[in-house]
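Me: Please look at the model shown here and discuss with me how its chains meet.

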There are 2 protein chains.
Amino acid sequence: MSDDSTTGAGRPLTARANFLLSQLGFHVAQTFAARLAPLGIAPNHFGLLTYLERAEGCTQQQLADALGIHRKVMVGLLDDLEQRGLVERRRHPGDRRAHAIHLTDAAHHLLPRARTVADEHEDDLLAALGADERADLVAVLRRIADHTGNPPGVHPGLPLAVKGNSGAPGDAS
Amino acid sequence: MSDDSTTGAGRPLTARANFLLSQLGFHVAQTFAARLAPLGIAPNHFGLLTYLERAEGCTQQQLADALGIHRKVMVGLLDDLEQRGLVERRRHPGDRRAHAIHLTDAAHHLLPRARTVADEHEDDLLAALGADERADLVAVLRRIADHTGNPPGVHPGLPLAVKGNSGAPGDAS
DNA sequence: CAGTTATTGTTACCGTACCCGACAATATAG
DNA sequence: CTATATTGTCGGGTACGGTAACAATAACTG
């Protein structure tokens, strides 16, 4: 089975790490977005809020630079979060043209819940693996990600907004 | 750095398997599409051609069903491949309403090159890993993918067409 | 055999998301 | 004071995904 040039077909595509990674990555992003939807945020919002926890008061440009996205996208993300009452655009003390982004109390209350959702999602995703295998997988994935040369922060290209959600999701419960 | 509940920030997002998988999956799909672009096809085209190698002559509905996508998407994919002279829509011997999809000689010549590109891409992606680690990673990923319940075939949601490529790419170099 | 239903492939439409450049407001340099 | 750069924002053009509808043909029913 090492050589199948006669059949012409190579590996069945489920034995390729690149295919598996792409497929799993898509699935993971989709399911995580679905799980995060009841909280009213998308994965990229979660990443932004998580980063803001340690960089409160910085400007939008700094945020966009840190997360590796364009400032234009940051405008849209902050618009969403501001509309949901999770961040505030205050006046920057040093630069009157820049905004100082701050988390609201609602964000501080929401973030632990979002982290719980992420933990549950990860736990469900890796249900077939033992604790040692999970740690090894994370280590290997991090090595691969580190080898790509990309910054370790939030990755670009995460629209992944759940559709069919016209109104405000019922967070009244 | 194991516990920082005082700061409120959980794991730095690069220690979560779900985040790493999503980030890596996106990166892998992007780089693979970029590598495949000089051949004039996208990753989903490659998957379709690969499946067609073993299912030549079947209908579009069977293809769409096997790859887990809608028939409409299959129309567009086959349009692309037919325009590039890689597949042919012949008359189905049994059903006059269905088409029998066949690979052309150009496709048979292109597929080994595409497989080489995939091999090189995978090899470059896993450059930081040894042979044993690669096999373990593939096995673990396959277990996770198998646990999701999705069909093992081609995964949905792969637009990933390289932009800015209006004309035929110059592979003369 | 006539009629009805289901299936195949295709087209058109619409809403959405992304990418591009351009613009007002402000800070900094000369 | 003037000129240039930076920050944040806005609009247009383009491509993609998904839904509904349609002609052509097969399968089923009486």
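Me: How many residue pairs are in polar contact across the interface of chain A and chain B?

Reply: The model is a predicted one, and both residues of a pair must have pLDDT 80 or more to be counted here. Under that rule, the number of residue pairs in polar contact across the interface is twelve.

Me: Which helix of chain A gives the most residues to the side that touches chain B?

Reply: Four helices of chain A, namely α1 (17-36), α2 (43-54), α5 (105-125) and α6 (131-148), each supply at least two residues of that side. By class, the side has 29 nonpolar, 17 polar and eleven charged residues. With 13 residues, the helix that gives the most is α1(A).

Me: Which residue of chain B meets A:Glu122 in a salt bridge?

Reply: Six salt bridges are counted between chain A and chain B. In the one that involves A:Glu122, the N to O distance is 3.9 Å, within the cut-off of 4 Å. The partner is B:Arg16.

Me: Where in chain A is the pLDDT under 50 or below 50?

Reply: The mean pLDDT of chain A is 84, and 82% of its residues reach 70 or more. Where pLDDT is low, the predicted coordinates should not be read in detail. In chain A, this caution concerns residues 1-6 and residues 161-173.

Terms used:
Residues numbered from 1 in each chain as written. Chains lettered and ligands numbered in written order. Predicted model: local features only at pLDDT ≥ 70, side-chain atom pairs only at ≥ 80, totals over all residues. Heavy atoms only, no water. pLDDT = per-residue confidence, 0-100. Contact = heavy atoms within 4.5 Å. Salt bridge = Lys/Arg side-chain N within 4 Å of Asp/Glu carboxyl O. Polar contact = N/O pair within 3.5 Å; in protein donor to acceptor, adjacent residues only side chain to side chain. Nonpolar A, V, L, I, M, F, W, Y, C, P; charged D, E, K, R; others polar.
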